[in-house]
Number of protein chains: 2
Amino acid sequence: MTDHEVLSVWRELSARHAAIVSDLERELQDRHELGVSEFEVLDRLVEGVCLSADGKFRVQELAAGVHLSQSALSRLIARLEKAGLVLRSMCADDRRGVFVTLTDAGRIRHSEALPTQRRVLRDHLAATPQG
Amino acid sequence: MTDHEVLSVWRELSARHAAIVSDLERELQDRHELGVSEFEVLDRLVEGVCLSADGKFRVQELAAGVHLSQSALSRLIARLEKAGLVLRSMCADDRRGVFVTLTDAGRIRHSEALPTQRRVLRDHLAATPQG
DNA sequence: ATGCATTCAATGCACAAGCATTTAATGCGT
DNA sequence: ACGCATTAAATGCTTGTGCATTGAATGCAT
């Protein structure tokens, strides 16, 4: 693979990412008052509920999958809590840790936003050569 | 293509983009005191020099290709000018417009940073399935 | 020529992100 | 038991970004 090819792949990747994020941001914000990262975190929490019995998450566990710094994630969760979409609670076994759980409002908001996200992603990705 | 497949492609794309940008940012900053977007703009200017006789660019022309808002681009160019890497000059035929031109320092800085960028991109993209 | 909508770029403002630091809790070695 | 390095999460601070607005220049219609 030549440098020129690598560069062209990178530009394609970058352009596609920018276009999708831009669309997602606008649609999620306009229709559901959610940023892309906010939705992403809710999404992980919903997925997690299916996997773990209690539906609790350490903040740190959320960091994987959402591409944000620790501080950004901390503030993002604070925003979600303020909006009533998640709850933060101490965890008993390690009192440094914080559990994050979805509220009913959070579950509802996510389920409302999910079709929007799916639609935007499908519009961009469904019928393309490299997916 | 199922929703699940679309989602998985999106996560792959997103993760790859985040990893590359993060690496690029660190390497370009540490070695050359350039952000990713700053380098990208210099890169476009260098390419443009090859194509146009005078090497002048309207700010607006730069916007295409660099995925930034008009205001972000305006400030970015201001930063580059302050760093001595580009010059801004009025254009005579339409005095609303601004020409941006590389300085020698800008050309040098770009040529120093180019191998770093190429290396990072190659490390991430060279030997992968979908490129 | 005049008025008015349009375009280019810069700027005020609000906000989100990262880095570095802080606070609190844990665990390990002695 | 005590000190010390380590870890989890929050916070102060700086910076970059986008939206909306502004200021200036253009062009088009009348």
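How many nonpolar, polar and charged residues does the surface near DNA strand C have? By class, that surface has four nonpolar, eight polar and 10 charged residues.

## Basis of the model

This is a predicted model, in which local features need pLDDT of at least 70 and side-chain atom pairs count only at pLDDT 80 or more, while totals for chains, interfaces and linings use all residues. Residues are numbered from 1 along each chain as its sequence is written, chains are lettered from A and ligands numbered from 1 in the order in which they are written, and side-chain values use heavy atoms, without hydrogens and water.

Of the atoms of DNA strand C within 4 Å of the protein, 61% belong to sugar and phosphate.

Polar contacts are pairs of N or O atoms within 3.5 Å. A polar side-chain atom of B:S74 lies 2.6 Å from a phosphate oxygen of DNA strand C, and a backbone N or O atom of B:V98 lies 3.3 Å from a phosphate oxygen. A side-chain N or O atom of A:R75 is 3.1 Å from a base oxygen of DNA strand C.

## Sheet of chain A

In chain A, three strands (DSSP E runs of at least two residues, paired by at least two bridges) form an open antiparallel sheet in the order β1-β3-β2. Five bridges join β2(A) to β3 (98-102) of chain A; in one of them, A:M90 has A:V98 as its partner.

Note on methods
Helices (H or I, at least four residues) and strands (E, at least two) are DSSP runs, numbered from the N terminus. A residue is near a molecule or strand if one of its heavy atoms lies within 4 Å of it. A polar contact is a pair of N or O atoms within 3.5 Å; within protein, one must be able to donate a hydrogen and the other to accept it, and residues adjacent in sequence count only if both atoms are side-chain atoms. Ala, Val, Leu, Ile, Met, Phe, Trp, Tyr, Cys and Pro count as nonpolar, Asp, Glu, Lys and Arg as charged, and the others, Gly among them, as polar.
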